[in-house]
Amino acid sequence: MLNTRLEDTDVLIIGSGGAGLRAAIEARRYGVKVTVVDKVVLGMNNSTRYSGGGIKAALPGILSTAYTTQYECPREHFRQAMIHGEYLNDEALVEIMTFEGPARVLELKSLGVDTFDAMYLKVHYPHGSGLMGPLVNTARKMGCTLRPGMVITRILVEGGRVVGAAGVDIYRGRCAAFRSGAVVIATGGAAETFLRNDTTVNTTGDGYTLALDAGASLRDMEIVQFEPYVQAEPGLPMLDRHEAEAEFHGVLRNALGEDFLVKYLPAVKAGQVPFEEQFGMALTDIRERVARAMVTEVAAGRGDQGAVLFDLRHVPAGKWESDFASQYARKVLLRGFDVQKKPVHVLPGAICTLGGIAIDGDCRTDVPGLFAAGEATGGVHGAARLGGDGLLDPIVFGARAGRSAALASNVAPSVSKELVEEARAEVASVLAEGPANLEILGKLRDQVKRTMWEQVGILRTGEAIAAAIPVLDELAERVRATKVRSLRQFKSRLETLNLARVGRVIAGAAQRRMESRGAHFRTDFPQRDDERWMVNQFVRQDGRKLAYTERPIRLRTTELLKQSKFGIEVK
Ligand SMILES: Cc1cc2nc3c(=O)[nH]c(=O)nc-3n(C[C@H](O)[C@H](O)[C@H](O)COP(=O)(O)OP(=O)(O)OC[C@H]3O[C@@H](n4cnc5c(N)ncnc54)[C@H](O)[C@@H]3O)c2cc1C
């Protein structure tokens, strides 16, 4: 018989990436009981850990990264983030990130993050481990309760307020429920929704479905960022190589051997010239353009085995041996593939979801007692994210969410037996003797990801998205009808269902936005349309349906609108 263990805590934090751990540390400073749960090992298998470690804040003279633009002051960082986000960002959130960012980055040292190399977390591989390890240790030392292997399946809401969360403890083989005055969703994004992606398999958008089911809104879900230089070489891992572009200035070529970026980004000169020299802008700040150019070449029949070629043959042999990053790339990423002899196949992959749970400046969601931070949220990056802001966001808003949750936890929540039993029964109803159905689930997961990549990916059309929507709905139904034998298998089933549900949310939002903006590109509406589409899209769950609404964007800093994103005419 599957039973439930009910635990008490003041603040429950779901997710142990940068956002979750920073929230935990902050909440604990207020003396409240803090519990951090993660569906896998704490701090180990998330985007923060596998990130490139490039963090950005206006710290002139202190913070200098190899491949992100420098800012002289927070105001300049703010302006750049808004211009890049093409105004879908919430100005208030961007102000908070850019103005609080410098202090939050410097403060990381006091939290044990001492592996910065000029504030570029480059010492370790994966780069983000230089951040993750110390944050886990600090949270533990401060007395946070850390619970790995805990998959949260629902937020418990009673009387319109959050009173805790429930899930399954896959390590101990039982259900779990937490009674807590405040819950923080810090579950990261949903890039795994796409067949080609550059994240861990855990980024399945669980936080989005948790928030929807609890009654909170998501925003700007159509915006998904794709990393250009993700390996597509048969037999090699699907990991990104952009450090190789940044450091070695590799050249992207089509099957005809052409250095094709020149066609798409007229300011680019053919040959091995760093992006910064050509644009005054780093590759990480222009990646949606590069990704689009790559898939356009393939769609036009100029691809090679469905991909393009990344040419690094000019890199001197000594450079590979002398540089730690390149040694790692050669050993782990390339597995003996000799990039000095032939170009490696690359194709973009999803890296981050930029939409997410709607929050205010204190990380409050629409549901009292429910907070969110990091990639799980929307509104910080708008339609495109600047390099380095992906790590700054969880550090800044993690701290804010922790503070807000600590303050809101000053209530004595009561969780009814019925609510806990409902959550347990939901899990039990999926478990059955008989076949494990893992193969079926694997196929369904693959179908969701393929549908999203092929029909709701980088080059979108209304027709393809319309065809994808019923497929995603049907796939979700098929997952719902699939039983499993164990709680570990339950996790795979839940994640597959979440991928189908989140894919559906993204597709719906992408279908509605009939223009192109930032990372959202509609080939049937290739221009940005400020007359019609200066709106944010919000979505809520309404029974089995999704209810989308629009809110007009009213910029306070209207002079921004007059600025061109790249200062060049882009075809
Ligand atoms: C390969 C890669 C490189 C990147 N490089 C950079 C970079 O150099 N600079 C930059 O600024 N940004 C970068 N980014 C983006 C940035 O790293 C992420 O946006 C950011 O780290 C997200 O942090 P987070 O804490 O919100 O989520 P994550 O770090 O992804 O953590 C989320 C955690 O939630 C847990 N979780 C999820 N669902 C559940 C559930 N149901 N129950 C319990 N736990 C759950 C997960 O297991 C995970 O541990 C990169 C991203 C990737 C994928």
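**Around the ligand**

A: Of the 37 residues around the ligand, the ones that come nearest are Asp-38, Thr-48, Gly-54, Glu-375 and Leu-391. Please keep in mind throughout that this is a predicted model.

Q: Which element gives the most to the shell around the ligand?
A: That is helix 13, which gives four residues to the shell. Helix 13 spans 389-408, and the elements that each supply at least two residues also include helix 1 (18-28), helix 2 (47-50), strand 4 (150-158) and strand 11 (344-353).

Q: How do the shell residues divide into nonpolar, polar and charged?
A: The shell around the ligand has 13 nonpolar residues, 17 polar ones and seven charged ones.

Q: OK, stepping back to the whole chain: how many helices and strands are there?
A: The protein chain has 18 helices and 15 strands. Of its 571 residues, 61% count as buried, and the accessible surface comes to about 20,800 Å², with 51% of that surface belonging to carbon and sulfur atoms. Among contacts with a separation of 6 or more, 73% are between residues 24 or more positions apart.

Q: What about the largest nonpolar core, which residues touch the most other members?
A: The largest nonpolar core has 117 residues, and Leu-135, Ile-155, Ile-185 and Phe-397 are the ones that touch the most other members. Helix 17, residues 487-512, gives the most to this core, with 12 residues. Apart from this core lies another, of 21 residues, among them Tyr-264, Leu-265, Leu-334 and Phe-337.

Q: You mentioned Ile-185, so what is it in contact with, leaving aside its neighbours within four places in sequence?
A: With those neighbours left aside, the contacts of Ile-185 include Ile-14, Ile-155, Gly-207, Leu-210, Ile-357, Leu-370 and Phe-371.

Q: Switching topic, where is Thr-365 found, and is Thr-365 buried or exposed?
A: Thr-365 is found in the loop between strand 12 (356-357) and strand 13 (370-372). It counts as buried because its relative accessibility is 11%, and the cut-off for buried is under 20%.

Q: What does the side chain of Thr-365 reach?
A: It reaches the backbone oxygen of Leu-370 at 2.9 Å, while a polar atom of the Thr-365 side chain lies 3.1 Å from the backbone nitrogen of Val-367. Leaving aside neighbours within four places in sequence, Thr-365 is in contact with residues including Ala-216, Ile-359 and Phe-371.

Q: Last one: where does Thr-193 lie?
A: Thr-193 lies in the loop between strand 6 (174-185) and helix 6 (206-214), and it is buried, with a relative accessible area of 0%. The side chain of Thr-193 reaches the backbone oxygen of Ala-190 at 2.4 Å.

Q: How far apart are Thr-193 and Arg-501, in sequence and in space?
A: They are 308 residues apart in sequence and 9.6 Å apart in space, C-alpha to C-alpha. Leaving aside neighbours within four places in sequence, Thr-193 is in contact with residues including Leu-499, Val-502 and Gly-503.

How values were computed
Residues numbered from 1 in each chain as written. Predicted model: local features only at pLDDT ≥ 70, side-chain atom pairs only at ≥ 80, totals over all residues. Heavy atoms only, no water. Near = heavy atom within 4 Å. Nonpolar A, V, L, I, M, F, W, Y, C, P; charged D, E, K, R; others polar. Buried < 20%, exposed > 50% of the residue type's maximum accessible area, 1.4 Å probe, protein only. Contact = heavy atoms within 4.5 Å. Areas by Shrake-Rupley, 256 points an atom, 1.4 Å probe, with all protein chains shown as cover. Core = buried A, V, L, I, M, F, W, Y, C linked by side-chain atoms within 4.5 Å. Polar contact = N/O pair within 3.5 Å; in protein donor to acceptor, adjacent residues only side chain to side chain.
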